[in-house]
Each structure stands twice: as C-alpha cells, then as structure tokens.
Amino acid sequence: MITSRTSRLIHAMVLVATGTVTTMSLIACNEAKFGGKSVPGAGNLKDGKYGPNDRDGLGGENATAGVDANAYGTPVTDDLGKPGWTDDKLKPLVDTLFRTGSIPTLGGDNPGSGGSTGTGSGIPGLGGSESNGNGPGNGGDNGDNNNGSLFSDSSGVLWLPCSENGAKPAPFSNDFFAKVGSKVRVAGEFCPQAKLGGEVTVVYVIDHSGSMEGTGPEGPNDKTNGGTCGRMKAAEVIAQKFAAMPDTNVKAAVVNFSGASRVDLPVGPLAALNAYPDKSKLFCGSDPKDASTNYNAAFSETKNLIANIPGKKLVYFISDGSPTSGGSNGTSASAAGLSAAQALRQVKDVTLFALFVGYTKGNANNPQGYLEQVTGDPKAVRVTANATELVQAAAALAQPIINISAKDVVAQVKTDKGVTDVKIDKIDARKDAINRYYWVTEPFELTGVAGKSQVNELSISAQTSTGEKVSAVTEINFNASK
C-alpha cells in the first residue's frame, strides 16, 4: 500500500510533467470524501467538507483533514482574472462577492467612504472602504464554518472570469478528482460591453454651491486649482470615452445650478464643448449670490432642455451636498428634488447618473440611498471623498448601463448521456463596477464512472438588455473514484 503522502507527491509530479491529467486511477487507502484522495486525519472529516486546521493536507494525529489542492487535477487559481478551482486565497473573495456584491480588494460594500479608512479599499471611490472583507467563508481558516459560504455544500467551486472585451470564450478545460456522486458549483462573471450608435447627447448637470469652494463648514469639496477642478476633469474623461465609441455622433450640454439653474452650454456638437474658451467657468467655482443646493431646479431645467432631443441621452449629475432649497408648499427640498429627478427620467431614452464628491465617514449622512432613488438605479451612483476619486468614478460610469435579468440566463451541462439543465442560484450586479454581473450555479452532481475520466461540459449564457449575448463554457474532466 502506498502512503497518502507518497501518493500526493506522485500525483503532484504527474501534474508538473503533463500539465493537466485526463485520466488517472486513484491509489489510496481510506480516501477522504472530498477530492478523492487519501489525506491523514480523514477520519475527522465530516460530510466531505473543508477542515479548518490542515490547509496543506499533511494532516497529523489530531488534525482535521484538509484540502489537498492537487486533488483537483487542474492547479487551483488565486487570481480572479484567471479560471480555475478556488483556493484559500480566492475563497474569501468569492464568498464576499456573493454576500456583499463587491470584492474587498476593490472596495467594501458601503460606497462613499472613499478609501480613507478601513482595510477593504484598493480603488478609492469605486466601492468605499467600510468593509474589511469578513463575511461568509472568510473567517480565517474556517472556510465553510461561516453560514452562507459557497463552499459548505459542494466538493469544490470552479471560478470562470468574464472573457476579455466580450469575446466568445473558448471552453476552459480542467480536471477534477473526487468520488462518484460529488457535487460542484461553478461561479463567475459576465462583463457585457457597452455599444452605442447614432445620436448620443451627454448632459452635465454641475453643482456650483458654496461648499464646492469652501463656503460653510462642509467645504471646500472641489476647489479650483490652476484653472481646473474635479468636476471639469470628470467631464473631460466622460467626453473622451464617448467620443471614442464607433459610429456614434456625440453632442453635449452643460446645466449649472446652485440655488437656481441655467443652461450655460446648449446642446451642440462635442467640438463646441472642447473649443469652449474657458471650460473652468463652465465646471468650476461657486456662485457668489445664491450658494444653496437646489436639485429641483437642476433636474427641471435639464428635463426642459432635452425633452425633444432625439437619440440616447445620458445625464451626469455632479454635486457635493443634499438639497437645501427648492421645496415649496410644505414639500421638502429633498422630496422636491426627487420628484423632479423622476420626471426627468420619464423622458424617452434618458439615463441619469449621480456622482457625489465630498463625503467622508462621520462628517455627514451617506447620500448613497437618496441618490439611488434619484437615479432609480444603484449601479448609476458613485459617492466619493474628493476630486481625485470623483474623476476615477466618472471614468467608470462613462458608458451606458447594461442589464441582465435572471430570467434571461440559461445553464446546461452536457455529457455522453445527454443534456441537463442546471439551476442558477444567483445572478446580480457588482456594486463596485458597472456592467459586471456575478453568477453562481446551484450545486450539481458530476456524471462519472469510477476509474474513468468523464467530460461534463457546462455552458452558461445570458441575453443582455441591449440584445448582446454573453457566455461562459467549461469542460470538467471528472476523474471519479468509488
């Protein structure tokens, strides 16, 4: 009889020599349920789940059996940009993504803290930093001991990142070693690419209230420096991205507001905005007389401006404060602003984005929830702390929103016995990145016969709101044992 450690080393050497294994007879005595390999301490393994104390699979007299990564056949991945079976580095990220809608290294699940505190922020302004990433499946080494982990009800989770630039993906071929009857989940992302054509009007609705330059206790939130500011840079990056889209005729307009509103640049060719003699006057500074913040006036002015403009219309609202004026007859400023925003969104082919600058934790209430009501879509809101983050957020939102509905997602697994539907457990939009949707299948049983390799080909596809199709395909070579 070959010892488990020897078996493990032999299997590892085979992997190194061949890259991937298509078939193998597993040699083991007292095989653990997970992974189909003998692991010391297997007697303590319950229900084929991960053990908390033995991540390297070497075991010990008192160890709970751990996961032998080589039992997967295909090397595990520790990078969300690469497909593969998830390991101890990737498991917490995947679990947190499905729990919160964001990944700790890209920002926490509370947009708006702007990367100023906490341990979860890597890209400020695109997700916040109030989350430390601890969630289901991310409790140290305990893996499935936390409720909600994807790893608690299957023998393994295969991760499939989205294809680059929306290209049709080649099947990801991989090997999996486990007992007959083992179940797996497959999780991944769709990243549909925004495509526009024809007439597109980009409207900038810019706050010029006093706090932008420093009036009052909350400012300055976007002070003019060297003839420029965050609002102006954000507008420029948005214009550049839309101008680069093929077969698209981009027009632009600027509506400025504080206590009142005005059209400072009527709808016209993008070239007119680029040639404006002093763009800092359009986008920077504060109004000297009425320096309050009137959402009602801003959205009403914008609605009147674009009500009869043909084609798609994308409105970028940039502010640093909640409404302080614009209410009347017992209606609050906030309620009046929300009502005007809803009326604006009724204009045909309008998408309303909201970019907030100047929120830092503890100084004021997070405006995220209110702005989500303003836009009607959480994906269209970014709350940031300063001008630098404002520009980063603007770059992320400089594209139309693409939606994917659960009813438009289809998953099937194909073997030599036929095709079987696979249920989708969840599909949802990322909170920290626009037009990215994460999904996961329910655990499904792999088809296989002990001692042989059986291909289980899973394909998952979705139709987007723009009519495009996104998909992912994987070929799981199931090397089954008794």
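## Leu160 and its neighbours

In this predicted model, Leu160 touches Pro83, Phe172, Val186, Ala187, Gly188, Glu189, Trp439, Ala472 and Thr474, leaving aside residues up to four places away in sequence. A contact here means heavy atoms within 4.5 Å. Leu160 sits in strand S2, residues 156-160. Strands (E, at least two residues) and helices (H or I, at least four) are DSSP runs, numbered from the N terminus.

Is Leu160 buried or exposed? Its relative accessibility is 4%, so Leu160 counts as buried. The classes are buried under 20% relative accessible area, exposed over 50% and partly exposed in between, with a 1.4 Å probe and protein chains only. One of its partners, Glu189, is 29 residues away in sequence, yet the two C-alpha atoms are 6.8 Å apart in space.

## How to read the model

Residues are numbered from 1 along each chain as its sequence is written, and side-chain values use heavy atoms, with hydrogens and water left out. Because this is a predicted model, local features need pLDDT of at least 70 and side-chain atom pairs count only at pLDDT 80 or more, while totals for chains, interfaces and linings use all residues.

The predictor's confidence in each residue, pLDDT, runs from 0 to 100. Its mean over the chain is 78, and 74% of the residues reach 70 or more. Residues 1-67 have pLDDT below 50, and this stretch has 130 contacts in the model beyond near neighbours in sequence. Over residues 106-147 pLDDT also stays under 50, and here the model has 115 contacts beyond four places in sequence. Where pLDDT is low, the predicted coordinates should not be read in detail.

## The chain as a whole

The chain has 482 residues, of which 52% are buried. Its secondary structure comes to 9 helices and 17 strands. Among contacts between residues at least 6 apart in sequence, 68% join residues at least 24 apart.

Thr441 belongs to strand S14, residues 437-441. With a relative accessible area of 0%, Thr441 is buried. Beyond four places in sequence, Thr441 touches Arg185, Val186, Val422, Lys423, Ile424, Asp425 and Leu458. Val186 is also on the contact list of Leu160.

Ile404 is part of strand S11, residues 404-415, and is buried at a relative accessible area of 10%. Its contacts, again not counting residues up to four places away, are Phe190, Pro192, Val409, Ile427, Tyr437, Ala462, Thr464 and Val470.

## Two helix pairs

Two packed helices are described by the angle between their axes and the distance between the axes. Axes are lines fitted to C-alpha atoms, for helices over the stretch in contact, and angles run from 0 to 180 degrees between N-to-C directions. Helix H3 (residues 230-243) packs with helix H9 (residues 387-397) at about 15 degrees, with their axes 8 Å apart. H3 and H9 are therefore roughly parallel; angles under 35 degrees count as such, over 145 as roughly antiparallel, 65 to 115 as roughly perpendicular and the rest as oblique. From H3, Gly230, Arg231, Lys233, Ala234, Val237, Ile238 and Lys241 meet Ala387, Leu390, Val391, Ala394 and Ala395 of H9. By class, this contact has 8 nonpolar, 1 polar and 3 charged residues. Nonpolar covers Ala, Val, Leu, Ile, Met, Phe, Trp, Tyr, Cys and Pro, charged covers Asp, Glu, Lys and Arg, and the others, Gly among them, are polar.

The axes of helix H6 (residues 295-306) and H7 come within 7 Å and cross at roughly 15 degrees, which makes H6 roughly parallel to H7. Tyr295, Asn296, Phe299, Ser300, Thr302, Lys303 and Ile306 of H6 meet Ala336, Gly337, Ala340, Ala341, Ala343 and Leu344 of H7. This contact divides into 8 nonpolar, 4 polar and 1 charged residues.

## Two loop residues with positive phi

Asp247 lies in the loop between H3 and strand S6 (248-257). Its phi is near 60 degrees, a positive value in a residue other than glycine, and Asp247 is exposed at 69% relative accessibility.

Asn329 is found in the loop between strand S8 (312-319) and helix H7 (333-345). Here phi is near 50 degrees, again positive in a residue other than glycine, and Asn329 counts as exposed at 81% relative accessibility.
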